[in-house]
Amino acid sequence: MAEFEAAGAEVWAISADEAERLRSMAEERHLTLSVLHDPEGSTFSSYGILNESHSRTVPHPTLIVVDTEGVARLVVSDENYQVRPPTPAVVDAVEGLSGD
């Protein structure tokens with residue numbers, strides 16, 4: 001988290017899980033990021049990452065870097081929840097926003 005904040009980023013998570021469950025998980029794991037509650041999955045749908053094959057409202061695991069104008073500058077999505085972009089690549093994308 002510190003690397004992202006040092007690059008000038010705000011880190012958010014979006015989940016369809018119940019709000020109380022999200023609060024509890026954030027407390028248990030000492031998370032400092034904002035977790036947005038989206039029970040209907042409208043955010044997932046608008047970004048085209050809703051996992052239609054799942055019985056619950058869940059997205060495909062996705063990382064999106066959005067600039068201050070709301071433009072997605074980096075989108076990394078994979079059906080395998082274990083695949084994540086390396087932190088330096090994300091920090092580079094965030095730092096690259098300041099050059100626009």
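Biologist: Which residues does Ser 15 touch, not counting those up to four places away in sequence?

Modeller: This is a predicted model, in which local features need pLDDT of at least 70 and side-chain atom pairs count only at pLDDT 80 or more, whereas totals for chains, interfaces and linings use all residues. Residues are numbered from 1 along each chain as its sequence is written, and side-chain values use heavy atoms, with hydrogens and water left out. Contact means heavy atoms within 4.5 Å. Leaving aside residues up to four places away in sequence, Ser 15 touches Leu 22, Leu 36, His 37, Asp 38 and Phe 44.

Biologist: Is Ser 15 buried or exposed?

Modeller: Ser 15 lies in strand β1; strands (E, at least two residues) and helices (H or I, at least four) are DSSP runs numbered from the N terminus. Buried means under 20% relative accessible area, exposed over 50%, and partly exposed in between (1.4 Å probe, protein chains only). Because its relative accessible area is 13%, Ser 15 is buried.

Biologist: Which backbone nitrogen lies 3.0 Å from a polar atom of the Ser 15 side chain?

Modeller: A polar contact is a pair of N or O atoms within 3.5 Å; within protein, one must be able to donate a hydrogen and the other to accept it, and residues adjacent in sequence count only if both atoms are side-chain atoms. At 3.0 Å from a polar atom of the side chain of Ser 15 lies the backbone nitrogen of Asp 17.

Biologist: How many residues apart in sequence are the parts that the pair of Asp 17 and Arg 56 ties together?

Modeller: At 16% relative accessibility Asp 17 counts as buried, whereas Arg 56 is partly exposed at 47%. Asp 17 lies in the loop between β1 and α2 (19-28), and Arg 56 in the loop between α3 (42-46) and β3, so the pair ties together parts whose separation in sequence is 39 residues.

Biologist: Which residue in the turn of the hairpin of β3 and β4 has a positive phi?

Modeller: Two strands pair if DSSP finds at least two bridges between them. Five bridges join β3 (residues 62-66) to β4 (residues 72-77), and these strands run antiparallel, with Leu 63 opposite Val 76 in β4. The hairpin has five residues between its strands, and the turn residue with a positive phi of about 90 degrees is Gly 70.

Biologist: With which residue does Asp 67 form a salt bridge?

Modeller: Asp 67 is placed in the loop between β3 and β4 and, at 11% relative accessibility, counts as buried. Its side chain has a polar atom 2.9 Å from the backbone nitrogen of Glu 69 and reaches the backbone nitrogen of Val 71 at 2.8 Å. The salt bridge, with the closest N and O atoms 2.8 Å apart, joins Asp 67 to Arg 73.

Key
A salt bridge is a side-chain nitrogen of Lys or Arg within 4 Å of a carboxyl oxygen of Asp or Glu.
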